Amino acid sequence: MRRAAQDAAGRWFVSLLCDDPSVQPLPATGQAIGVDVGLNHLLTLSTGEKIANPRHERRDRAALAKAQRNLARKARGDGANRRKARLKVARIHARIADRRRDGLHKLTTRLVRENQTLVIEDLTVRNMVKNRKLARAISDAAWSEFRSMLEYKAQWYGRGVIAVDRWFPSSRLCSACNTLQDTMPLNIRTWTCDCGTTHDRDVNAAHNLLAAGLAVTVCGAGVRPQRSTPDRRSATKQQPSRREP
């Protein structure tokens, strides 16, 4: 099956549907990893590694704003000058999207090759972008695209992706003693639990996601938000629900 199309930036693409015999399951590995997405860092892994957020849109924000202002000054209609201005805006958007997609492809391929099981959080990005202060940054991070790539590549290469329930309190739960904190504002990046353990917020969340995901592979149950007992310790842990890739 073959299909050709032209995008808004004037580029032609040909799509081919075929079987690729080189796509085969990779050798099994016992490595499992928890992945916490964010804005300060695009990803924080349960290994402690933090992957910087490249902020692709910010790099071209000034050029994009200039091109959009130029387009807004053009007379309405289908004149040549307006078409040129519209094409320039589209090409900047395409450049941003291409850089973002290339970065995500490299990152997701690496994670899938190195790990047998990958645990992520089941975020509702479409609701999160309703936050007007964070909408641009969330859209630029492309969490949904990251998850989509991770899932289909895991399916290709014989890996497993587990999505933990979005209400699971991964940031507020101490990964050392399971004490559940009452609140955890976004501006708090490090905190110390009553047990004396000092946590990096994102690394702690990745540890908790990994623990919840591994429990899924054992029990096959679903994770719901934990209820805290009067002594602020969480009730018996229930495992997160799995979303099939």
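Tutor: One convention before we look at this predicted model: Asp, Glu, Lys and Arg count as charged, Ala, Val, Leu, Ile, Met, Phe, Trp, Tyr, Cys and Pro as nonpolar, and the others, Gly among them, as polar.

Student: How do the residues lining the second largest pocket divide by class?

Tutor: Under that convention, the lining has 6 nonpolar, 3 polar and 7 charged residues. The pocket holds about 250 Å³ of space, and L123, V125, W143, S144 and R147 are the lining residues nearest its centre.

Student: Which element gives the most to that lining?

Tutor: That's α6, with 6 residues.

Student: And what makes up the lining of the largest pocket, by class?

Tutor: There you get 13 nonpolar, 7 polar and 10 charged residues, around a volume of about 930 Å³. Two or more lining residues come from each of β3 (32-37), α5 (135-141) and α7 (201-219).

Student: On to α2. How do you know that its length agrees with what a helix should span?

Tutor: Take 1.5 Å a residue: the 13 residues of α2 (residues 61-73) should span 18 Å, and the end C-alpha atoms sit 19 Å apart, so the two agree.

Student: Which residues of α2 are called buried, and why?

Tutor: Buried means under 20% relative accessible area, and L64, A67 and L71 are buried. Down the helix axis, the buried residues fall within an arc of 65°, so they line one face. Part of their cover is α3 (80-114).

Student: What sits on the face turned away from the buried side of α2?

Tutor: Exposed means over 50%, and that face carries the exposed residues A62, K66, A72 and R73.

Note on methods. Residues numbered from 1 in each chain as written. Predicted model: local features only at pLDDT ≥ 70, side-chain atom pairs only at ≥ 80, totals over all residues. Heavy atoms only, no water. 1 Å grid on protein atoms, 1.4 Å probe; cavity = no way out; pocket = protein on both sides within 12 Å on 5 of 7 lines; lining within 4 Å. Points joined across faces, edges and corners; volume = space filled by probe spheres on them. Helix = DSSP H or I, 4+ residues; strand = E, 2+ residues; numbered from the N terminus. Expected span 1.5 Å × (residues − 1). Buried < 20%, exposed > 50% of the residue type's maximum accessible area, 1.4 Å probe, protein only. Arc of directions from axis to C-beta. Contact = heavy atoms within 4.5 Å.
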